[in-house]
Amino acid sequence: MSQPVLTQSKGAEFTRIYSYGAARGDLVVPNSELVEAIDSSDEWIQQRTGIITRTRASAGLLAIDLATEAAQEAIAKSGIRPDQIDLVVIGTISNVQQTPSMAAIVADRVGANPAAAYDSNAACAGFSYALTQADALIRSGAAHYALVIGAEKLSDIIDPTDRSISFLLADGAGAVIVGPSDTPGIGAPVWGSDGSKGDAVGMNGTLIDYRDHGAPWPTLRQEGQTVFRWAVWEMAKMAKQALDVAGVTAADLAAFVPHQANMRIIDELAKQLDLPDSVKIGRDIATTGNTSAASIPLATHRLLQENPELSGGLLLQIGFGAGLVFGAQVVRLP
Ligand SMILES: CC(C)(COP(=O)(O)OP(=O)(O)OC[C@H]1O[C@@H](n2cnc3c(N)ncnc32)[C@H](O)[C@@H]1OP(=O)(O)O)[C@@H](O)C(=O)NCCC(=O)NCCS
């Protein structure tokens, strides 16, 4: 007896980003508000990180609210209806409720119910990872239009007396709509991780330690210099690889947006990539701070707003963070 033939799906040949949306925390927090608790100074923070102020969200404003706001802007600008979205992926490490996922709630809030929806934890590479998933799922035929978001309220998981990372961190969400395209719009990813160095940056404890062993509320910590060196040396190589696999060179780029972790890291990466002066560089960190998975779409949104002529050009983006996870790709700007 002949076996029935199984049908496997096949989707669009190419994909692209249709639009961006952004939402930052409602509070502007200057360095002067944070320095006393960490025995630091406005001057030190500006010199060593480039951060002048960061945006944080007030108590009643959650990461999921920021995600919804960013998503609504991206949908409004995309030219597609919310009910055409059949996939929602949110890169996040700071959902205060483990389940349901932020993505399922946001899908419903924006009118994309019953889209497939899930959160994805790749720390500061979260947006790059989520975009890679959306691209692959649309090209496989598993989805048609995707809402991809990076959303964080990191102020919930910081210790104001910690000098290693807390003063860098901020709250925000950035979103894009991804869909089919006649021409290639999302380059192949260069992505990976090194969990053997998981201690370099991450949470300093678990919820079980907190509940059962009198440990403090878990917060983010890092070995600043270890992460700094890795970000500068290893990530420059990965960014170059992302150009290679996309078949383009630095001279072909219109923009470069690395994860907004430290202005010195951004400058060093730009130097190592030998970017021509014409390439606009995302420097949103100066007034937004480090928003982990949200930082790349937020910085790109601002770059497009301030330089509308970038539209249609190529952007190289690279995210990197906890788990020593990284993700880079070249995309065509909407
Ligand atoms: C955290 C970071 C800003 C620290 O800057 P740095 O230049 O590496 O600072 P160092 O740790 O070398 O310390 C230099 C000096 O500043 C002091 N210092 C460290 N943190 C300080 C702070 N928050 N405020 C004031 N002084 C500080 C140190 O004690 C040290 O003093 P000393 O020279 O008298 O010993 C930087 O390492 C960094 O950005 N790391 C990577 C962040 C990143 O990419 N994270 C990715 C995951 S989100």
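Trainee: Which numbering and which limits apply here?

Mentor: Residues are numbered from 1 along each chain as its sequence is written, and side-chain values use heavy atoms, with hydrogens and water left out. In this predicted model local features need pLDDT of at least 70 and side-chain atom pairs count only at pLDDT 80 or more, while totals for chains, interfaces and linings use all residues.

Trainee: How far from a nitrogen atom of the ligand does a polar side-chain atom of Gln222 lie?

Mentor: The cut-off for a polar contact is a pair of N or O atoms within 3.5 Å; within protein, one must be able to donate a hydrogen and the other to accept it, and residues adjacent in sequence count only if both atoms are side-chain atoms. A polar side-chain atom of Trp44 lies 3.4 Å from an oxygen atom of the ligand, and an N or O atom in the side chain of Arg163 is 3.2 Å from a ligand nitrogen atom. For Gln222 and a nitrogen atom of the ligand, the distance is 3.2 Å.

Trainee: In which order do the five strands of the open sheet run?

Mentor: Two strands pair if DSSP finds at least two bridges between them. The edge strands, each pairing on one side only, are β8 (190-192) and β12 (280-281), and β8 pairs with β14 (residues 325-332) in the antiparallel sense over three bridges. With mixed pairing, the order is β8-β14-β13-β11-β12.

Trainee: Which residue of β14 is the bridge partner of Val190?

Mentor: The strands β8 and β14 are antiparallel. In β14, the bridge partner of Val190 is Ala328.

Trainee: What is the omega of the cis peptide bond that joins Asn113 and Pro114?

Mentor: Most peptide bonds are trans. The bond from Thr99 to Pro100 is cis, with omega near 5 degrees, and Pro100 lies in the loop between β4 (87-91) and α4 (102-109). Pro114 is in the loop between α4 and β5 (116-120), and for the bond joining Asn113 and Pro114 omega is about 15 degrees.

Definitions and conventions. Helix = DSSP H or I, 4+ residues; strand = E, 2+ residues; numbered from the N terminus.
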